[in-house]
Amino acid sequence: MRFALLIICLAAISLAAPTNFFDDAYEWTDELEEFFGKVSEYINTAKHNIRSPAACEASKIALPSYASGLTSPSGLKPKYVALGRGTQNYTCADSTSNSKPAAVGAVARLYNATCIAANYPDLLASLPNLAYKISLSTNEDASFPLANLELMGHHFFYDATTPEFNLNTTPKKQGGIVMTKKQGAIDAPSGAFSGKYGAVPWLYLTATEGTVGNYKSVYRVNTAAGSPPTTCKGMPPAFEMQYSANYYFFGE
């Protein structure tokens, strides 16, 4: 049954293309053509494996190989993967080249990409680059248009040093709350989509007091854009940089 749902999901991605892209809402690119080409291939493959009982099992999820530069989630189990789309937020002491932007958190919506992560990691890896180029819907509860991914939560900062991931979206969809602390970081790989000033680093976060659920760590990977300019010259006191990334949640 879950694999049948996966086929429906992939088909929805494919069928969404004419609606989303031929009304001039988004610019058709070679990258999008490659993405939808892979979706079509996977639909055909899925049709021949519809009875597979473990189609969307989180146990099949693995971090990208580049994330080996971060602490390994040894002994922990993958629980969810989310596509994050939002802003990295910064402040400037003044608008001169003598000041550098200071990071003051992030705000993002999280969309459930667990099933794609379990079966099609190459599709997952390309999602943030594509998602960065698509504006979020004004409808807070809407699914993400590119892959019809369901909203699974929100990411923001509880305080200056505590990234929070709230996975409670409705009374019936209570995924828990993950309060975290940064434990490690590596620069985004050279091929990452840079946006205007570069892709934000990949992160390793550990769960802290206040977490609801058996979560232990969160990884931010496959980042697209989000970095600020090197100085505050010409910048306002507070500003946002659009970004996207994949978030992997691990627990016991």
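This is a predicted model: local features need pLDDT of at least 70, side-chain atom pairs count only at pLDDT 80 or more; totals for chains, interfaces and linings use all residues.

**Reading the model**

Mentor: The place of N222 is strand β7. Residues are numbered from 1 along each chain as its sequence is written, and side-chain values use heavy atoms, with hydrogens and water left out.

Trainee: Is N222 buried or exposed?

Mentor: N222 counts as buried because its relative accessibility is 12%; buried means under 20% relative accessible area, exposed over 50%, and partly exposed in between (1.4 Å probe, protein chains only). Its backbone also stands out: N222 has a positive phi of about 50 degrees although it is not a glycine. A225 lies in strand β7 too, and A225 has a positive phi of about 60 degrees, again without being a glycine. With a relative accessible area of 2%, A225 is buried.

Trainee: How many helices and strands are there in the protein chain?

Mentor: The chain contains 4 helices and 8 strands. Along the sequence their order is α-α-β-β-α-α-β-β-β-β-β-β. Of the chain's 252 residues, 47% count as buried.

Trainee: What share of the contacts in the protein chain is between residues 24 or more positions apart?

Mentor: A contact means heavy atoms within 4.5 Å. Among the contacts with a separation of 6 or more, 68% join residues 24 or more positions apart. G84 lies in strand β1, and at 0% relative accessibility G84 counts as buried. Leaving out residues up to four places away in sequence, G84 touches R109, L110, Y243, S244, A245 and Y247. G84 and G153 are 69 residues apart along the chain, and their C-alpha atoms are separated by 9.4 Å.

Trainee: Which residues does Q88 touch?

Mentor: Q88 is another residue found in strand β1. Not counting residues up to four places away in sequence, Q88 touches G105, A106, V200, R220, G226, F239, E240, M241 and Y243. Q88 has a relative accessible area of 8%, so Q88 is buried.

Trainee: Which residues of the largest nonpolar core touch the most other members?

Mentor: The general idea is that in soluble globular proteins, nonpolar side chains tend to be buried together. A nonpolar core is a set of buried Ala, Val, Leu, Ile, Met, Phe, Trp, Tyr and Cys residues joined through side-chain atoms within 4.5 Å. Here the largest one has 33 residues, and I116, L124, L127, F144, L149 and Y248 touch the most other members. At least two residues of this core come from each of β1, α3 (114-119), α4 (121-131), β6, β7 (215-225) and β8 (238-251). Helix α4 gives the most to this core, with 5 residues. Take L124: apart from residues up to four places away in sequence, L124 touches V81, A113, I116, A117, N246 and Y248. There is also a second, separate core of 22 residues, which includes A108, F165, V218 and Y247.

Trainee: How many aromatic pairs does a search of the whole structure find?

Mentor: A pair of aromatic rings is described by the distance of the centres and the angle of the planes. Rings of Phe, Tyr and Trp (its six-membered ring) pair if their centres lie within 6.5 Å; planes under 30 degrees apart count as stacked, over 60 as edge-to-face and the rest as tilted. The search finds 9 pairs. For Y66 and W202, the ring centres are 4.9 Å apart and the planes are at 80 degrees, so the pair is edge-to-face. This pair links distant parts of the chain, 136 residues apart: Y66 is in the loop between α2 (30-47) and β1, and W202 is in strand β6. Y66 is partly exposed, with a relative accessible area of 35%, while W202 is buried at 3%.

Trainee: Why is the pair of F165 and F249 edge-to-face?

Mentor: The pair is edge-to-face because the planes of F165 and F249 are at 90 degrees, with the ring centres 5.5 Å apart. F165 is in strand β4 (residues 162-170) and F249 in strand β8, 84 residues apart, so to read this pair is to read a link between distant parts of the chain. F165 counts as buried at 0% relative accessibility, and F249 is buried with a relative accessible area of 0%. Ring pairs link F165, Y215, Y247 and F249 into a cluster.
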